[in-house]
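Please look through the sequence and the model shown here before reading on. The paragraphs after it go from one region to the next.

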Amino acid sequence: MKIEPLFALLAVGMVVAWLTPNGSSSDASSPDKAEAKGKPEQIAVAKEDPDPVVLPREADGHFYADVIVGSTASNMLVDTGATVIALTDEDANSMGVTWDQSQVRPVARGASGAVYGVPVMLDAVRVGDLEVRGVEAIIVPDDLDISLLGQSFLSRVSPVQIETGRMILGG
């Protein structure tokens, strides 16, 4: 896995906010998306009393989550230092997130230079019983080996706790 994009994504939230004033994005054309960008919903859950999601620490020392966007699942690296969700182009395409190569622009600055991507708004992101609507993300078509589950989701399913050998989301 390349490390530079991970460091670069730490600043993505500020850059995305700067590039997209008032939290808008190029994918906020429907009324639901417009409502989500103006006033983010709190957690919407799959059931009334959702179970917390427990993620084991893997052998490489990281946590991974099966994340559902639309009807497509992707195994993502949980990155508490990433401001937003960062999707590989393959994951974005399989999830039906529309974007075009001509939309790619600098979205952050990393140790090796500019990081290029496309800011998008995801209608809903689900991990286990936890679902959040109107979630900021970026598509990073180059130099990202795995999609990252960042704070645009994690901060809205608090608490996020790390205990010996596991991460607990929600609850």
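Two strands are said to pair if DSSP finds at least two bridges between them. The strands themselves, like the helices, are DSSP runs numbered from the N terminus, with helices being H or I over at least four residues and strands being E over at least two. The model is predicted, so local features need pLDDT of at least 70 and side-chain atom pairs count only at pLDDT 80 or more, while totals for chains, interfaces and linings use all residues. Residues are numbered from 1 along each chain as its sequence is written, and side-chain values use heavy atoms, with hydrogens and water left out.

Strand 7 (residues 113-127) and strand 8 pair over nine bridges in the antiparallel sense. Within strand 8, arginine 133 has alanine 124 standing opposite. Strand 8 also pairs with strand 5 (residues 85-88), here in the parallel sense and over four bridges. Threonine 88 has valine 140 of strand 8 as its bridge partner.

How much of strand 8 is buried? The term buried stands for a relative accessible area under 20%, exposed for one over 50%, and partly exposed for values in between, using a 1.4 Å probe and protein chains only. Strand 8 covers residues 130-140, and nine of its eleven residues are buried, so the strand is largely enclosed by the rest of the structure. In a regular strand the side chains alternate between the two faces of the sheet.

Aspartate 129 counts as buried because its relative accessibility is 19%. Its side chain reaches the backbone nitrogen of aspartate 51 at 3.4 Å. A polar contact is a pair of N or O atoms within 3.5 Å; within protein, one atom must be able to donate a hydrogen and the other to accept it, and residues adjacent in sequence count only if both atoms are side-chain atoms.

Side chains of opposite charge can pair when their charged atoms come close. A salt bridge is counted where a side-chain nitrogen of Lys or Arg lies within 4 Å of a carboxyl oxygen of Asp or Glu. How many salt bridges does a search of the whole structure find? The search finds two. In one of them, the side chains of glutamate 131 and arginine 133 meet at 2.9 Å, N to O. Glutamate 131 is buried at 16% relative accessibility, whereas arginine 133 is partly exposed at 34%. Glutamate 163 and arginine 166 form a salt bridge as well, with their closest N and O atoms 2.8 Å apart. Arginine 166 is partly exposed, at a relative accessible area of 33%, and glutamate 163 is partly exposed at 34%.

Aspartate 143, in the loop between strand 8 and strand 9 (148-149), has a positive phi of about 65° although it is not a glycine. Aspartate 143 is partly exposed, with a relative accessibility of 49%. The peptide bond from serine 158 to proline 159 is cis, with omega near 5°. Proline 159 is placed in the loop between helix 5 (151-154) and strand 10 (160-163).

Strand 10 pairs with strand 11 (residues 166-169) in the antiparallel sense over four bridges. Glutamine 161 has isoleucine 168 in strand 11 as its bridge partner. The two strands form a hairpin with two residues between them, and glycine 165 in the turn has a positive phi of about 75°.
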